[in-house]
Amino acid sequence: MIKAIIVLVIGLGLLGGAGFGGWILYNQYFGPQEDAPPPPPPPPPPTAFIRMTPVVVPMIGDGRVEQFVTFVVSIEVLAAEQPRGAQLMPKLRDQFIRDLYDAVDRKSIMRGALVDLAAAKKVMRESAAKVLGDETVRDVLVQVVTQRNL
């Protein structure tokens, strides 16, 4: 009888040890990982470019046109919104011209006699966002800026 109790105690001890070891291994490999890095952010949505015809803005001073500033730009938009952007191109071009005329008149995009490209790009980005929406427009790519003195 004592042998049976000893075997029972040893068997329960082994069973408990095996259960504890299994629990530890389960938590180590399958349980919640506290040191796991956060999942990567989702990739940004695909974008596309809308090419615009050159935008020509005269710089008027002393009652006459002093120079012409020509901008060649493309607008980076969400790929899903590219057809809508192409449809709104006349309105977008009008907004660009109005805002650039205003900026040239206020000399906010001019640094002396030269165009401040960062300021001009900011004006064009805001113009595109007014027409297409801020969430649609990703960036404005200024490809060429020319200034022709008269």
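Let's start at Ile 6, which counts as partly exposed because its relative accessibility is 46%; here buried means under 20% relative accessible area, exposed over 50%, and partly exposed in between (1.4 Å probe, protein chains only). Before going further, keep in mind that this is a predicted model, where local features need pLDDT of at least 70, side-chain atom pairs count only at pLDDT 80 or more, and totals for chains, interfaces and linings use all residues. Residues are numbered from 1 along each chain as its sequence is written, and side-chain values use heavy atoms, with hydrogens and water left out.

Ile 6 sits in helix 1; helices (H or I, at least four residues) are DSSP runs, numbered from the N terminus. Together with Ile 2, Ile 10 and Leu 14, Ile 6 makes a nonpolar surface patch of about 440 Å². To be part of a patch, a residue needs over 30% relative accessible area and no salt bridge, and nonpolar side chains (Val, Leu, Ile, Met, Phe, Trp, Tyr) are joined within 5 Å, like charges within 9 Å. The areas themselves come from the Shrake-Rupley method with a 1.4 Å probe, and for residues only the protein chains shown count as cover.

Now for the aromatics. The structure holds one aromatic pair. Phe 20 and Trp 23 form it, with 6.1 Å centre to centre and 40 degrees between the planes, so the pair is tilted. For the cut-offs, rings of Phe, Tyr and Trp (its six-membered ring) pair if their centres lie within 6.5 Å; planes under 30 degrees apart are stacked, over 60 edge-to-face, and the rest tilted. Because Phe 20 and Trp 23 are three residues apart in helix 1 (residues 2–29), about one helical turn separates them. Both Phe 20 and Trp 23 are exposed.

On to the charged side chains. How many salt bridges are there? The count comes to seven, taking a salt bridge as a side-chain nitrogen of Lys or Arg within 4 Å of a carboxyl oxygen of Asp or Glu. One of them joins Arg 98 and Asp 94 at 3.1 Å, N to O. Both residues lie in helix 3 (residues 89–106), four residues apart, or about one turn of the helix. Arg 98 is partly exposed at 48% relative accessibility, and Asp 94 is partly exposed at 37%.

Another salt bridge links Arg 111 to Asp 116 (3.2 Å, N to O). Arg 111 is exposed, with a relative accessible area of 59%, whereas Asp 116 is buried, at 17%. Arg 125 also has a partner: Asp 134, with the closest N and O atoms 3.3 Å apart. At 23% relative accessibility, Arg 125 counts as partly exposed.

Notes
Helices (H or I, at least four residues) and strands (E, at least two) are DSSP runs, numbered from the N terminus.
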